[in-house]
Amino acid sequence: MKRDAWILIAWLCASMLFAQREVNYDEDKVPSYVLPELLQLQNGEKVTSVEQWEKQRRPEIMELFASEVYGRTPTDRIKVTHETITKNPNALKGKATAWQVRFTFSSGSEDETREAILLLYIPNKRKEKVPVFVGYNYNGNHSITHDITVLYPPTLHLVKELGSPEWERGNQTRRWPLEMIIDRGYAIVTMCYHDIFPDNPRMKGRSVIPLFTVYSANNTAANEGTGLSSTGTTGHDSNQSASDEWQAIGAWAWGSSRIVDYLETREEIDSDKIAIMGHSRQGKAALWAGAQDERFKVVISNNSGCGGAALFRREFGETIDIINNAFPHWFCGNFKKYNKREPSLPVDQHQLIALIAPRKAYVASAEEDQWADPKGEFLAAYHAGPVYRLYGLSAIDSETMPELHAPIMGDIGYHIRAGKHDVTDYDWKQYLDFADKHFKK
Ligand code: GTR
């Protein structure tokens, strides 16, 4: 082998070792930290009433998450149309009716559009309007079922090479126990998250973001998706946008609200009983969606980790610096100021969960998912408590983590299960129980 190749290999090994060293999995090395106050205004005044929380403190915290972490969701509305493509009254062995609906998003001038395909299952056995779970899938609607009539997402080719495992029908069925959800009397609705923002640093130009007037035109060229040759880039930030411009997580959260807009048009659905469930990066987006859109009455983050439920200040597992380098397109530009500077971030994730109050929040961890910092996920749920108590609701009582498989089901829910980073039937059973409890089924 040539000398240069050896140097390259040595450099790669050294940088991998270095990267590994930077990840802390040792509880003793968690720095001591002080969490930003929940119930204290920026002017130092204490918050003692729901009114003060809602009118003053909550907007302050919301503003900080928008400007410093996820970017601002535009307030302008773009045109969204819905077209039913298929209706299958015999889905899931006749237990449900499946609908596929094409969403077309258009810019003000309507010269630019994006398409997304929604897949909605509604239980056939129902006496009244049904509650619903909203959740994005990672690999496409075709991946959650073996039903050959379910369409591929229009965007998958932008991020996944044809023939890669994501293209295989049914490759994610184990994460989507559709029959179990339908049997419990819930509708379930999903969409491929790539349809809203194809998950790649160079794909912002292909996302819904350029459809908005606030999108700065000067970043079109830098971010324009040019096909598969540009995928897989890490540590690359070609983002020229305003430092508080929304990025992928903001767009995914926005997209889930557009799903709610559609659900509100469906007479079979009880729009007062809408739950959102997101796994991992979608757990991050679900919390941000739940914070912003009060139509989500139950908000569930499954193994959401850094930028989701986990407290940043523990610097355990994935950190701000690591996530910003690996996924430069997820958070806003300002968030990069906090790389390796967690204590200077003006918010932490207990505050994100608190923004959901008085609606119900559930955080779930997996024992082997140390990258996501289960303890940090638990502690954020715990420290959101004061806002729930302000509303007279229940919160998590003890700072000690519960045992495995001992779910807490108050107004804030939490569980940790055995096993890896994933969504399992066990997780879904808890979410259904939690939703039953709060939707009084
Ligand atoms: C990881 C990332 C996590 C989590 C996860 C996922 O690579 O570091 O923050 O989002 O991906 O979404 O599966």
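Which residues line the largest cavity? I shall return to that after describing the fold around it.

Colleagues, this is a predicted model, in which local features need pLDDT of at least 70 and side-chain atom pairs count only at pLDDT 80 or more, while totals for chains, interfaces and linings use all residues. Residues are numbered from 1 along each chain as its sequence is written, and side-chain values use heavy atoms, with hydrogens and water left out.

Let me begin with the sheet. Helices (H or I, at least four residues) and strands (E, at least two) are DSSP runs, numbered from the N terminus. Two strands are taken to pair if DSSP finds at least two bridges between them. On that basis there is an open sheet of 10 strands with mixed pairing, in the order β1-β2-β3-β5-β4-β6-β7-β8-β10-β9. The edges are held by β1 (79-90) and β9 (408-409); each has a single partner strand, so one side of each is left without a neighbour in the sheet. Strands β8 (residues 360-366) and β10 (residues 412-417) run parallel and are joined by 6 bridges. Within that pairing, Y362 has G413 of β10 as its bridge partner.

Next, the helices against the sheet. Here contact means heavy atoms within 4.5 Å. Axes are lines fitted to C-alpha atoms, for helices over the stretch in contact, and angles run from 0 to 180 degrees between N-to-C directions. Helix α7 (residues 248-263) lies across β1, β2 (96-106), β3 (113-123), β4 (130-137), β5 (187-192) and β6 (269-279), and runs at about 150° to β4. Helix α11 (residues 374-383) lies across β8, β9 and β10, at about 165° to β8.

The axes of α2 (residues 50-70) and α8 (residues 281-292) come within 11 Å and cross at roughly 145°. This crossing is left-handed, a term used if the near helix is turned anticlockwise from the far one by less than a right angle. From α2, the contact involves R58, M62, F65, A66 and Y70; from α8, it involves W288, A291 and Q292. By class, these residues are 6 nonpolar, 1 polar and 1 charged. In this scheme Ala, Val, Leu, Ile, Met, Phe, Trp, Tyr, Cys and Pro count as nonpolar, Asp, Glu, Lys and Arg as charged, and the others, Gly among them, as polar.

On a 1 Å grid over the protein atoms alone, a cavity is a set of points where a 1.4 Å probe fits but cannot get out, and a pocket is an open set with protein on both sides within 12 Å along at least five of seven lines; lining residues have an atom within 4 Å of a point. Grid points are joined across faces, edges and corners, and a volume is the space filled by probe spheres set on the points.

A search of the whole structure finds 5 cavities of 30 Å³ or more. To answer my opening question, its lining consists of Y136, N137, Y138, Q172, R175, W176, M277, G278, H279 and V423. Strands β4 and β6 each supply at least two of the lining residues, and β6 gives the most, with 3 residues. The lining divides into 5 nonpolar, 4 polar and 1 charged residues.

The largest pocket holds about 350 Å³ of space. Its lining has 16 residues, of which T73, P74, R77, W254 and R258 lie nearest its centre. Helices α7 and α8 are the elements that give two or more residues to this lining, and the largest share, 5 residues, comes from α7. By class, the pocket lining has 6 nonpolar, 4 polar and 6 charged residues.

Finally, two backbone details. The peptide bond from A357 to P358 is cis, with omega near 5°; P358 is placed in the loop between α10 (349-354) and β8. L92, a residue other than glycine, has a positive phi, near 50°, and lies in helix α3 (residues 91-94).
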